[in-house]
Amino acid sequence: MRVGLLADTHDHVPAVRALVGQLVERGAEMLLHAGDFCSPFLLATLHEAGLPIVGVFGRNDGDRDGLVAMAARGLATELFVGPHTVLLGGTRLMLVHDLGEAPARSLEAQDVVVFGCQHRQESTTRGGALLVCPGEACGWVYGTPGAALLDLDSRNVEFVTLDPVEPRA
């Protein structure tokens, strides 16, 4: 199973739409979001892909009730307070916005941990766990919108990026 990974979308609809399109073209069967959707309308953009979505809230998700209400309009969309663990095809996968929100023992007990907050793409291991930050889908902080595609069988991570965006003034 191939899973699209997103974080830190921060309402940048055009970048998110383009990244999700690339993830779908590369075979994503589901989307996982590690927080900071920001506004409920961003979920409508994710719903366009017609894929199941699981996500956790981030620090900048102020309208959680609105996000939950918008999630209910989509196909199999579930949002949780992080850290949250799901079992996908036998893989224990934790979603958390900030790695500091999860105890080290909890991180190491997972097969895969998807996190956001740092806005930079990263793939590393800790104990037996693969830790992946898909980067910032918005591109607002470092200028390059990014996401990742995770193959759950091989644990291969493919980073996806778009052309740089103009920084916000």
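Guide: Val-113 stands opposite Leu-131 in strand 9. This is a predicted model, in which local features need pLDDT of at least 70 and side-chain atom pairs pLDDT 80 or more, while totals for chains, interfaces and linings use all residues. Residues are numbered from 1 along each chain as its sequence is written, and side-chain values use heavy atoms, without hydrogens and water.

Visitor: What makes strand 7 and strand 9 a pair?
Guide: Two strands pair if DSSP finds at least two bridges between them. Strand 7 (residues 112-115) and strand 9 run parallel and are joined by 3 bridges, so they meet that definition. Strands themselves are DSSP runs of E with at least two residues, and helices are runs of H or I with at least four, numbered from the N terminus.

Visitor: How do you know that strand 8 pairs with strand 9?
Guide: Strand 8 (residues 121-126) runs antiparallel to strand 9, with 6 bridges between them.

Visitor: Why are strand 5 and strand 8 called edges?
Guide: They belong to an open sheet of 5 strands with mixed pairing, in the order 5-6-7-9-8. Strand 5 (84-88) and strand 8 each have a single partner strand, so one side of each has no neighbour in the sheet. From one strand to the next, the twist averages 20 degrees; the axes behind such angles are lines fitted to C-alpha atoms (for helices, over the stretch in contact), and angles between N-to-C directions run from 0 to 180 degrees.

Visitor: What makes strand 9 a mostly covered strand?
Guide: Of the 6 residues in strand 9 (residues 129-134), 6 are buried. Buried means under 20% relative accessible area, exposed means over 50%, and partly exposed lies in between (1.4 Å probe, protein chains only). In a regular strand the side chains alternate between the two faces of the sheet. In strand 9, Ala-129, Leu-131 and Cys-133 are buried on one side, and Leu-130, Val-132 and Pro-134 on the other.

Visitor: How do you know that Leu-95 is buried?
Guide: Leu-95, in strand 6 (residues 91-96), has a relative accessible area of 0%, so it counts as buried. The residues that Leu-95 touches include Leu-32, Val-54, Pro-83 and Val-114, leaving aside residues up to four places away in sequence. Touching means that heavy atoms lie within 4.5 Å.

Visitor: Why does Thr-9 count as buried?
Guide: The relative accessibility of Thr-9 is 0%, so the word applies. Thr-9 is found in the loop between strand 1 and helix 1. Among the residues it touches beyond four places in sequence are Val-16, His-33, Phe-37 and Cys-138.

Visitor: What makes strand 4 and strand 11 the edges of the other sheet?
Guide: An open sheet of 6 strands has the order 4-3-2-1-10-11, again with mixed pairing. Strand 4 (77-80) and strand 11 (156-161) have a single partner strand each, so one side of each lacks a neighbour. Neighbouring strands here are turned by 20 degrees against each other on average, direction ignored.

Visitor: Which strands pair with strand 1, and in what sense?
Guide: Strand 1 (residues 2-6) pairs with strand 10 (residues 146-151) in the antiparallel sense over 4 bridges. Gly-4 has Leu-149 as its bridge partner there, and Arg-2 has Asp-151. With strand 2, strand 1 pairs in the parallel sense over 4 bridges, and Val-3 stands opposite Met-30.

Visitor: Why is the crossover from strand 1 to strand 2 called right-handed?
Guide: The chain goes from strand 1 through helix 1 to strand 2, a right-handed β-α-β crossover. The name means that, with the strands pointing away from the viewer, the path from the first strand over the helix to the second runs clockwise.

Visitor: What makes the contact between Arg-120 and Tyr-142 a charge over a ring?
Guide: The charged end of Arg-120 is 3.7 Å from the centre of the ring of Tyr-142. The definition asks for NZ of Lys or CZ of Arg within 6 Å of the ring centre and within 35 degrees of the ring normal.
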